[in-house]
Every structure is written in C-alpha cells, then in structure tokens.
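Let's take a walk through this protein together. Have a look at the sequence and the model first, and then we'll go from single residues to the whole fold.

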Amino acid sequence: MKIVVLGAGNGGCTVAADLSLRGHDVTLVKTSDTMHSENFEYLLKNDGKITILEDGHYKQAKINQVTKDFSEITMADIVIVYIQTNYHEDLIRRIIPYIKDGQIIMFNPGYLSTAYMLKHGSNLDITIVEAQSSFIDCRIAEPGLVRVGFRNVRNPLGIYPSKHKKQAQQVLDKLGFPFTYLSSVVEAA
C-alpha cells in the first residue's frame, strides 16, 4: 500500500520506518520547521535510511521518500497524521487541497479531529479514522536512530462514517498492527 505519514517526530519516524519494514511504500512528510529538524536532515541526506532499536536488536529500514511536499498525499491509500493534536486543524487546512475521494485519513492520536476534517473537507468522500494512542512508544535517540520502548498490544480505532467500517477494517488490517475497532470515533477520541 502507498502510505503517507504526516509528521517527522518520534512517532511519525518510527511508524514510517516500521511500515517500510512491513513492505509498504511509505512517504514521510515533515509538516513544520520546528522540532526534530536534525533527524529530518539526516533522513534526507541518507536516502530515508533509519535504524530501529527494539529489545536490544537493530533493524535497518528505508523510508521510500522523505519530503516536505504535501502533494505526495494525492497518491496515498492511507494518510496517517502523527503530529500534536493541537495542530491538527491547521494541518487539515493545509492538506485539504491534496486529499482525494476514497482515501483513509487516520489521526494518531485523534481527540475528535474528525470534526475538523468534516468542517474543512465536508465535500470529500473519505474515511476518517481516530486512534486512541500511538501504536509504538518510541523516541528519536539520535539522528537516524529511533528507540522503541514498547508496542501497544491493543490499538483502539474509531471509523467514520460507520458505513465505511467493514471496508476500512480490511485495509487497515494490512498495516500489521493489532487493532481493536470501536463503535465510533467519539469512543476513540
């Protein structure tokens, strides 16, 4: 699957690397010029290569593309927003022109960002997914190295609209994380 991860911080980098190791075509998009710039510059200079340290083992991953170009969103099956929740609405305003019908837009964590998505993209036929928390607890230890603390064994997700739930579950299950599907995005938020 073609996946775009928006947010090049701790969670975004680690999930992008993990999904790459699982065989997905992943693009990591840095959404700001503030935090984790050294790590982002490292990824640019090293062709998206990043190391995951987990349980004392090192795994080399290669994120297919590392960029600041939002136009990459148009090619994605799934867009995962991995930034601080207080910046979700601003980011949604910036990405709306690149979102197309049929995509899955996931907020991790969500905190009911579905409302912002509907406010700014009400004309879109998309599936919105709210995650309760990060799939992987992690930190950027140094540029090019992320350290995994633990993986969540239960990753609760809410899906909107509910008529897309079954189809979205089939797609999301291909990501390889142990998801638990909740009754609504409100429950997830």
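One term comes up again and again: a residue is buried under 20% relative accessible area, exposed over 50%, and partly exposed in between (1.4 Å probe, protein chains only). Keep in mind that this is a predicted model, where local features need pLDDT of at least 70, side-chain atom pairs count only at pLDDT 80 or more, and totals for chains, interfaces and linings use all residues. Residues are numbered from 1 along each chain as its sequence is written, and side-chain values use heavy atoms, with hydrogens and water left out.

Let's begin with the overall build. The protein has six helices and twelve strands; helices (H or I, at least four residues) and strands (E, at least two) are DSSP runs, numbered from the N terminus. Its radius of gyration is 15 Å, close to the 16 Å that the globule rule gives for 189 residues, so the protein is as compact as a globular protein of that length. That radius is taken over C-alpha atoms, and the rule is 2.2 Å times the number of residues to the power 0.38. The C-alpha trace spans about 40 × 35 × 30 Å along its principal axes, and 52% of the 189 residues count as buried.

How does the chain meet itself? Take contacts (heavy atoms within 4.5 Å) between residues at least 6 apart in sequence: 66% of them join residues at least 24 apart.

Now for the rings. Rings of Phe, Tyr and Trp (its six-membered ring) pair if their centres lie within 6.5 Å; planes under 30 degrees apart are called stacked, over 60 edge-to-face, and the rest tilted. Searching the whole structure turns up six aromatic pairs. In one of them, the ring centres of Phe70 and Tyr98 are 6.4 Å apart and the planes stand at 65°, so this pair is edge-to-face. It ties together distant parts of the chain, 28 residues apart: Phe70 sits in the loop between β5 (65-67) and β6 (78-81), while Tyr98 is in the loop between α3 (88-95) and β7 (104-107). Phe70 is buried, at a relative accessible area of 10%, whereas Tyr98 is partly exposed, at 29%.

Elsewhere, Tyr82, Phe135, Phe177, Phe179 and Tyr181 make up one aromatic cluster.

What about the cysteines? A disulfide is a pair of cysteine sulfur atoms within 2.5 Å, and by that rule the count is zero. For Cys13, the nearest cysteine sulfur is that of Cys138, 8.7 Å away, which is too far for a bond. Cys13 is buried, at 0% relative accessibility, and Cys138 is buried too, at 6%.

Gly9 lies in the loop between β1 (2-6) and α1 (10-21) and is buried, with a relative accessible area of 17%. Glu187 belongs to helix α6 (residues 185-188) and is partly exposed, at 42%. Setting aside neighbours within four places in sequence, Glu187 is in contact with Gln132 and Leu182. Its C-alpha atom is 9.1 Å from that of Pro156, 31 residues apart along the chain.
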